[in-house]
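Here is a short report on how parts of a structure pack together. Look at the sequence and the model first, then read on.

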Amino acid sequence: MVDAGNSSPLVTVRDLNVHFKRSRRAGQPVRAVDGVDLDIFTGETLCIVGESGSGKTTLVRAIGHLAPITSGSVRFGDVDVAHLRRSELRTMRRRVQYVFQDPFESFDRRQSIFSIVAQPLRVHKLAGSQSDIEERVHEALEECGLEPAGEFARLYPHQLSGGQRQRVSIAAALVLRPELLVADEPVSMLDVSVRSDILSLFVRLKQSHQMTLLFVTHDLSVAWEIADRIAVMYLGKVVEEGSADQVIGRPANPYTHALVGAIPVPDPHDVAPEPGVRGDIGDIVGIPEGCRFHPRCPYADERCPAVIPPLSRVGEGHRSACVRNDELDLVAPHRLATGSIG
Amino acid sequence: MALLSISDLTVDYRRAGRTIRAADGVSFDIESGSVVGLVGESGSGKSTLALAMMGLLPANGAVTGGSIRFDGAEMTGLDEAQWRSVRGRRMGMVFQGAMNSLNPVRRVLDQVAEPIRTHDSSIDKAKASDQARGLLSLVGIPADRHKAYPYEYSGGMRQRAGIAMALSGGPALLIADEPVTALDVIVQARILRLLEDLREALDLTILFITHDLGVVARLCDRVVVLYAARAVEEGTVEEIYGHPKHPYTRALLQSVPNFARGRGESRGIPGTPPSLVSPPSGCRFHPRCPDAMEICATRSPGWTRFSGEQVATCHLYGEEGLSNG
C-alpha cells in the first residue's frame, strides 16, 4: 500500500475537460469529462469507479492522449500531455500502456501469441535481435502466468480461454515496461472464478515492475479487492475520492453511498437498505444545473440545483463534492471485515 | 407441491456432426411461491436449461432424456402450438436485453396490452389498455411515460417494461435469465427490489438464472449450483452460503470479493471451466478441485444428503439416498 501523502504524483490532472460535439443535431456538446482534478501517485493503484456514462473511460483515455483534450492540463511526469510534440507522443505511448475490457476483440485472429506480444517492441523499435525479442516475449508471458511460454507463444487467440487471452494482453502491455498501466474493465467479461487471479496478477506485476496502476471499473467490489485509492465519477465529475476503506467503508457523498449500498454482496445476512435514489443515470437528459446528482439525490435541498459543489475535505485524504458534507452522517452500507478500516 | 419439476433432464446440441450435451441428468424442483437461483459460470448449461424449460431450444438442440413437469403437466414433447399456450401465460419470461423483447417502433403501452388480448379474447381493447396501464404502474413506470417508445426509455425502464410484458399473461412462474446483468448497480438493486415486491404482491414463483452470487444472496430462497452441465449442489441460501459442501461451490464463493472477508482475500479457481465438447471424466470438477482423489477421475459421484435441505455430489462424502443416474 502506498502512502499517498509521502509519494509524488506521476500524473497531475487539472481542470480537465473532454467535450464531444454531437454529430447529428446541434446543441450542447457532451461533457464527458468536465473540470476534473486528479492526482495519480507513483506506485499506487487508483481505481476510477462509475456507472455507464460517468466519463471514466474518457478520463483515462485522455490521460494517455487517446482522447482529445478540450481544455485543462494533464501532466505526466514532466510532460504536458495536452501539447505533445510528435516526437514526445511516441515516448508517451510507451510509458503508458492500456489493457482493455474485451480480450476477444483486441487481437488479430491470424496473429500468434508470440507476434501479438512482440508487436509493441517492433512498433516502438525497441527490439534488438530476434533472440532478444524472443527472450523479452517469453519473459512477459511467464510473468503473466502463461507457462511454458514457448508453447503459449506458438498458439493463436482462439485456442485460449478468456482469462488466458487477458493475460496475453497484459503481457503485450508489460513488454514495453510502462510506468503507468491503465486497465479499463479488464475482468468484467470474465467468469467469476478466473477474475480474482487476474486481479492479483495486476497487483503482483505492479509491485515487481514498480508501475503505477490506473484501474477503471464499474464494480466497487473489484475496486475493494485491489485499490489503494478510489475516485468515484458521476456524469463527468469526480464526486468522491479517498482510500478504498474510506470510500467503501464510510462513503461521504450521497451518490457513492447509494452506489456502495447497491452492491450485491454474497452474504444473505448483509442486506443493505434500498438506495433512496430516484431514476437511473440514463433518465437524465442533458446535464443538471448545480450538483449533477441532485435530481436523484435523497438528501438534496434548495442549494443543490444552484451550486456546483467542489471536492472538499471530509477526512485525511478523503474528499467529497457535496454542499451537505458537514451535515450528513451517512450510515455505513455494509459490514466490512474487522480491522480493515485504516 | 412443486410448480416446476425438472427430473434427470438431458439436452443435446448437434454441431458440426458432433453431439454436445449441455444438460446432463439435471434434477431440481421449484416449489410454488419460492425464488430459486440457478447459478453457474459460462458453459455450466444454465441458459440451456432455461431455454428447455421455456420450449425455446434452437433447431439444433433437443431434450433427449428426462422430464420437465410444469403445473402438473409434462412439457417435453409439446409442439410449438402447445408451447404457445403455456409460454407468456402461466410462464412469463424476462431476459437480459429487454430491448430484444420489445419492439422499438411500437408504443410500450400497446406492446403490453397486446398479449393481454391474445391470451383472453373476451377482453376488449380499452380494458386491455387499462390492465396494461395497471401493470406498467405496478412495475414503477410513471403514467406519463406509458405511451412512450422503448428507445425513449433508459435501460432500467426497459427492463421494467420487459417485466410488465412478462406479467401480462398472469404467470404463476417467472423465468428470469440474467435480467439485471447489463444494468448499472443502482438500477440493478431497484429491479431486484421490484421483483421482491412483485413476488409478494402477485404470489409469484421465480426462477432466477445468473452468474452473480451476490444477486442470488439478495433475492433467492434456494440455490442450485451448476458446473459443466450438471447440478453439483443444492440447498437453501443460508446453507449454501453458510456451509457450502461441494468444493466447487466453496471455491466459487471464495473467488468473489466479499467485504466481510477483507481485501485481497478472494482466490480464483485454477484452470478454466471445461469444454462441453469433451468434458472431464468422473466428477467434472476434478481437474480443478483442491480435494480431488483418485476415484474422482473415474467415477461420477452420487448425491449425498446433509442435514436440512442441502444435497451435493462429491466423493468426499458418502453416498446415500438419491442417485445421480
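The crossing of α3(A) and α4(A) is right-handed. A crossing is right-handed if the near helix is turned clockwise from the far one by less than a right angle, and left-handed if anticlockwise. This is a predicted model, in which local features need pLDDT of at least 70, side-chain atom pairs count only at pLDDT 80 or more, and totals for chains, interfaces and linings use all residues. Residues are numbered from 1 along each chain as its sequence is written, chains are lettered from A and ligands numbered from 1 in the order in which they are written, and side-chain values use heavy atoms, leaving out hydrogens and water.

**Helix pairs**

Two packed helices are described by the angle between their axes and the distance between the axes. Axes are lines fitted to C-alpha atoms, for helices over the stretch in contact, and angles run from 0 to 180 degrees between N-to-C directions. Helices (H or I, at least four residues) and strands (E, at least two) are DSSP runs, numbered from the N terminus.

| Helix pair | Angle | Axis distance |
|---|---|---|
| α3(A) and α4(A) | roughly 115° | within 10 Å |
| α3(A) and α6(A) | about 30° | 7 Å |
| α4(B) and α6(B) | about 20° | 8 Å |

Start with α3 (residues 113-123) of chain A. Its angle makes α3(A) roughly perpendicular to α4(A). Angles under 35 degrees count as roughly parallel, over 145 as roughly antiparallel, 65 to 115 as roughly perpendicular and the rest as oblique. Contact means heavy atoms within 4.5 Å. On the α3(A) side, the residues in contact include F114(A), L121(A) and R122(A). On the α4(A) side, they include I133(A), E134(A) and R136(A). By class, this contact of α3(A) with α4(A) has nine nonpolar, two polar and three charged residues. Ala, Val, Leu, Ile, Met, Phe, Trp, Tyr, Cys and Pro count as nonpolar, Asp, Glu, Lys and Arg as charged, and the others, Gly among them, as polar.

Helix α3(A) also packs with α6 (residues 162-174) of chain A. That angle makes α3(A) roughly parallel to α6(A). The crossing is right-handed. Here I113(A), I116(A), V117(A) and P120(A) of α3(A) meet V168(A), A171(A) and A172(A) of α6(A). The contact of α3(A) with α6(A) has seven nonpolar, no polar and no charged residues.

Now turn to chain B. Its α4 spans residues 108-119, and its α6 spans residues 155-167. Their angle is about 20°, and α4(B) and α6(B) are therefore roughly parallel. Their crossing is right-handed. V108(B), Q111(B) and V112(B) of α4(B) touch A161(B), A164(B) and M165(B) of α6(B). That contact has five nonpolar, one polar and no charged residues.

**Two domains in chain A**

Chain A is divided into domain 1 (7-227) and domain 2 (252-336), with bounds from an automatic or database domain assignment. Their C-alpha centres lie 29 Å apart. Nine residues of domain 1 and 10 residues of domain 2 make the contact. The buried area between the two domains is about 810 Å², and carbon and sulfur atoms give 64% of it. Buried area is the accessible area (1.4 Å probe) that two parts lose on being put together, summed over both.

**Backbone details**

A cis peptide bond joins E147(A) and P148(A), with omega about -5°. P148(A) lies in the loop between α4 (130-143) and α5 (149-154) of chain A. E178(B) is not a glycine, yet has a positive phi of about 45°.
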